[in-house]
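User: Could you walk me through reading a few local features of this model? I would like the general idea and then the case at hand.

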Amino acid sequence: MAEPKCPICSIEGMEHIVSRDSAEKARDNRAWFQVAFCDGCGHIYGVFAKHTMSHPTGQKGPQLVIKR
């Protein structure tokens, strides 16, 4: 089976791709992002949204109201 290889340091294997929560946090102390990176050199593979904002089902989203 093929193993991923870091484009920077050439280390191979899934065990070298790790992830951590971002330092940025929402009001409820949940991380905004998950950062995937190489544990050998720190090359970042991607940043993934972990905290999302949603509206309760059946309600409209924010609206812009302009009074004349």
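Analyst: Happy to! Let's begin with the surface: Trp32, Phe33, Ile44 and Val47 form a nonpolar patch there, with about 360 Å² of accessible area together. Keep in mind that this is a predicted model.

User: Which cut-off does a residue have to pass to be part of a patch?

Analyst: Patch residues need over 30% relative accessible area and no salt bridge. Phenylalanine 33 has a relative accessible area of 31%.

User: And is phenylalanine 33 buried, partly exposed or exposed?

Analyst: The general idea is that buried means under 20% relative accessible area and exposed means over 50%, with partly exposed in between. Phenylalanine 33 has 31%, so this residue is partly exposed.

User: Where does phenylalanine 33 lie, and what does it touch beyond its sequence neighbours?

Analyst: Phenylalanine 33 is part of strand β2. Leaving out residues up to four places away in sequence, phenylalanine 33 touches Arg20, Asp21, Ser22, Glu24, Val47, Phe48, Ala49 and Lys50.

User: Now glutamine 34, please. Which side chains does its side chain meet in polar contacts?

Analyst: To read a polar contact, look for a pair of N or O atoms within 3.5 Å. The side chain of glutamine 34 has one with the side chain of serine 19, at 3.1 Å. Another, at 3.4 Å, links the side chain of glutamine 34 to that of lysine 50.

User: Where is glutamine 34 found, and which residues is it in contact with?

Analyst: Glutamine 34 sits in strand β2, which covers residues 33-38. Setting aside neighbours within four places in sequence, glutamine 34 is in contact with Ser19, Arg20, Asp21, Gly46, Val47, Phe48 and Lys50.

User: Last topic, backbone angles. What is the phi of serine 10, and where is this residue placed?

Analyst: Serine 10 has a phi near 70°, a positive value in a residue other than glycine. Serine 10 belongs to the segment before β1 (17-21). With 39% relative accessibility, serine 10 counts as partly exposed.

User: What about asparagine 29: what is its phi, and does it count as buried or exposed?

Analyst: Asparagine 29 also has a positive phi, near 70°, and is a residue other than glycine. The loop between β1 and β2 holds asparagine 29. Its relative accessibility is 57%, so asparagine 29 counts as exposed.

How values were computed
Residues numbered from 1 in each chain as written. Predicted model: local features only at pLDDT ≥ 70, side-chain atom pairs only at ≥ 80, totals over all residues. Heavy atoms only, no water. Helix = DSSP H or I, 4+ residues; strand = E, 2+ residues; numbered from the N terminus. Polar contact = N/O pair within 3.5 Å; in protein donor to acceptor, adjacent residues only side chain to side chain. Contact = heavy atoms within 4.5 Å. Buried < 20%, exposed > 50% of the residue type's maximum accessible area, 1.4 Å probe, protein only. Patch = residues over 30% accessible without salt bridge, like charges linked within 9 Å, V, L, I, M, F, W, Y side chains within 5 Å. Areas by Shrake-Rupley, 256 points an atom, 1.4 Å probe, with all protein chains shown as cover. Salt bridge = Lys/Arg side-chain N within 4 Å of Asp/Glu carboxyl O.
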